[in-house]
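Here's a quick briefing to read alongside the model. Have the viewer open and follow along.

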Amino acid sequence: MTAPHPVDADIRQARIHPAVRAIVVPPCPESLLRLQQIVAAPELDAAALEQLASSDVALAAAVIRLANSPLYGLTQPVQTVGMALTVLGLQPSVELLSAFITRNALQVRSPLLEHFWESSQRRAIACEHIGHQLYSFDPGLGYSFGLFCHVGMPVLVKAVRGYAGTVTEALARKDRTFTQTENASHRTDHAVMGAIVARTWHLPGDVAQAIWLHHDFACLGDERFAPAVRHLVAVGLLAEFLVNHHDNLPPTREWQEHGHACMDHLDVTQDELDHWIDALHPAFEAVRF
């Protein structure tokens, strides 16, 4: 069991709200629980990781496909899961398995979410990369936050009638924020639902709280929140900018309004941001589900 965290009280309060109580949050998949157990062990068991990756044909195929992608530049393609995991390395393998399991557990057929999981994994990769460049920051937390940041959306698309239309409206409106539009229509939003999923699936409390706050940039200067939470919120906006740049999408209104504040919070310069655009391109290109 994870230790209590300040966000848990907010989540308990949210769960009793009538609008949220009716929403079914999928249980944590058994395969993800097993992956978390493998990662939590004193030493990462490569054999156990291979067994998990081999337990599902689609999962095994995803691991082998990534190892054989141009990102790794192999002269001879790998044929087995074990060889693929060796090529990827343990941490990238764990992250790929986590992303794949999460996507399969939250499958929703909607044009709105056509590229949702590719963008989510790219955001996770970007958050982790930024984390490696910063002092006193856990890149693994960055990856988990990036992957689960918008996970409330597929939950709401599946559970709430009319939510897809609300997203379209929220993206178009200029007079209020995305979450304000969600709350006006459904009395909850994807940030709250994402935090509930994250905690239900045993993610760290700081990750869940950052998901809850990821559209609330006033938190950057609010010392009631742990430094890791505020860093994650800032990192998330930078990651979103990097992913949108790769996908040839214009900067979001949030980036235009809060991008500089997030860069200042993390002591990131424009030159660093420009360098990350180039550095992340191969990894972004390798993301294919």
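Buried here means under 20% relative accessible area, exposed means over 50%, and partly exposed is in between (1.4 Å probe, protein chains only). This is a predicted model, so local features need pLDDT of at least 70 and side-chain atom pairs count only at pLDDT 80 or more, while totals for chains, interfaces and linings use all residues. Residues are numbered from 1 along each chain as its sequence is written, and side-chain values use heavy atoms, with hydrogens and water left out.

**Salt bridges**

- Taking a salt bridge as a side-chain nitrogen of Lys or Arg within 4 Å of a carboxyl oxygen of Asp or Glu, the count is six.
- Arg 199 pairs with Asp 8, with the closest N and O atoms 2.6 Å apart. That ties helix α13 to helix α1 (residues 6–15), 191 residues apart; helices are DSSP runs (H or I, at least four residues), numbered from the N terminus.
- Both ends are tucked away: Arg 199 is buried at 12% relative accessible area, and Asp 8 is buried at 14%.
- Asp 247 and Arg 122 also meet in a salt bridge (3.3 Å, N to O). Here Asp 247 is partly exposed at 25%, whereas Arg 122 is buried at 8%.

**Helix α9**

- Eight of the ten residues of α9 (residues 139–148) are buried, so the helix is largely enclosed by the rest of the structure.
- Among the buried ones are Leu 141, Tyr 143, Phe 145 and Phe 148.
- At the N-terminal end, Asp 138 caps α9, with a side-chain oxygen 2.8 Å from the backbone nitrogen of Gly 140.

Note on methods
Helices (H or I, at least four residues) and strands (E, at least two) are DSSP runs, numbered from the N terminus. A polar contact is a pair of N or O atoms within 3.5 Å; within protein, one must be able to donate a hydrogen and the other to accept it, and residues adjacent in sequence count only if both atoms are side-chain atoms.
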